[in-house]
Amino acid sequence: MTVSVFLMLFGFFAIACDAPEVLETGEVAQQADEPLLLKSHYGDGAPMWVGKFQRTHMTQSPFDEWFDSGYESYLPDSTAVAALNDLPESVELEVYMGTWCSDSTRDLPRLYRVMDAAGIREDKTRMYALSDH
């Protein structure tokens with residue numbers, strides 16, 4: 001039950017911010033291996049990543065300001081971490097977020113913290129940063 005709620009919460013923050021581009025065939029559009037660094041359309045035009053990314057992209061300035069502090073300050077629930085340890089090796093995680101989205105900037109560092117605590121390898125994940133328009 002805890003794992004379901006945990007996964008639903010992270011699914012919610014991805015849906016709340018935006019959705020991936022879906023082609024007429026119903027397939028999700030393919031992304032480049034490196035994200036683009038663009039200016040946000042919100043507020044002061046702050047930088048935002050768009051496309052497939054890795055943790056190293058979030059530990060670069062200015063994203064490290066919210067990523068590092070969010071990661072360090074979060075303490076994962078041990079019961080949820082234990083449940084994630086029992087996931088089959090075939091399970092992969094796909095995340096959609098926006099570096100301009102407050103839900104994403106709060107939850108992405110927490111997700112990485114939980115993944116690290118549960119021993120979930122980054123090669124079992126696909127992370128996509130979405131545009132704000």
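Author: Let's start with contact, which means heavy atoms within 4.5 Å. Leaving out neighbours within four places in sequence, H57 is in contact with E34, P35, W49 and F63. This is a predicted model, where local features need pLDDT of at least 70 and side-chain atom pairs count only at pLDDT 80 or more, while totals for chains, interfaces and linings use all residues. Residues are numbered from 1 along each chain as its sequence is written, and side-chain values use heavy atoms, with hydrogens and water left out.

Reader: What makes H57 count as buried or exposed?

Author: Buried means under 20% relative accessible area, exposed means over 50%, and partly exposed is in between (1.4 Å probe, protein chains only). H57 has 7% relative accessibility, so it counts as buried. You'll find H57 in helix 2. Across the protein chain, buried residues make up 38% of the 133 residues.

Reader: And why does R106 get the label it has?

Author: R106 comes out at 39% relative accessibility, so it counts as partly exposed. R106 sits in helix 5. The C-alpha atoms of R106 and F67 are 8.1 Å apart, although 39 residues separate the two along the chain.

Reader: How do you know what counts as a helix or a strand here?

Author: They're DSSP runs, numbered from the N terminus: helices are H or I with at least four residues, strands are E with at least two. By that rule the protein chain has 5 helices and 4 strands. Starting at the N terminus, the order is α-β-β-α-α-α-β-α-β.

Reader: Why is the pair of helix 3 and helix 5 called what it is?

Author: Axes are lines fitted to C-alpha atoms, for helices over the stretch in contact, and angles run from 0 to 180 degrees between N-to-C directions. The axes of helix 3 and helix 5 come within 8 Å and cross at roughly 50°. That makes helix 3 oblique to helix 5. The cut-offs are under 35 degrees for roughly parallel, over 145 for roughly antiparallel and 65 to 115 for roughly perpendicular, with the rest oblique. Among the residues that meet there are W66 and F67 in helix 3, with T105 and L108 in helix 5.

Reader: What about helix 4 and helix 5?

Author: Helix 4 (residues 78–85) and helix 5 (residues 102–118) pack at about 60°, with axes 9 Å apart. They are therefore oblique to each other. V81, L84 and N85 in helix 4 meet V114, A117 and A118 in helix 5.

Reader: Where is the cis peptide bond?

Author: S61 and P62 are joined by it, with omega about 5°. P62 lies in the loop between helix 2 (55–58) and helix 3 (64–73). As background, most peptide bonds are trans.

Reader: Which parts have the lowest and highest confidence?

Author: The score is pLDDT, the predictor's confidence in each residue, from 0 to 100. The protein chain averages 80, and 74% of the residues score at least 70. Confidence is lowest in helix 1 (residues 2–17), at a mean of 47, and highest in helix 3, at 96. Over residues 1–6 the pLDDT is below 50, and this stretch has 8 contacts in the model beyond near neighbours in sequence. The pLDDT also stays under 50 over residues 12–16, for which the model has 9 contacts beyond four places in sequence.
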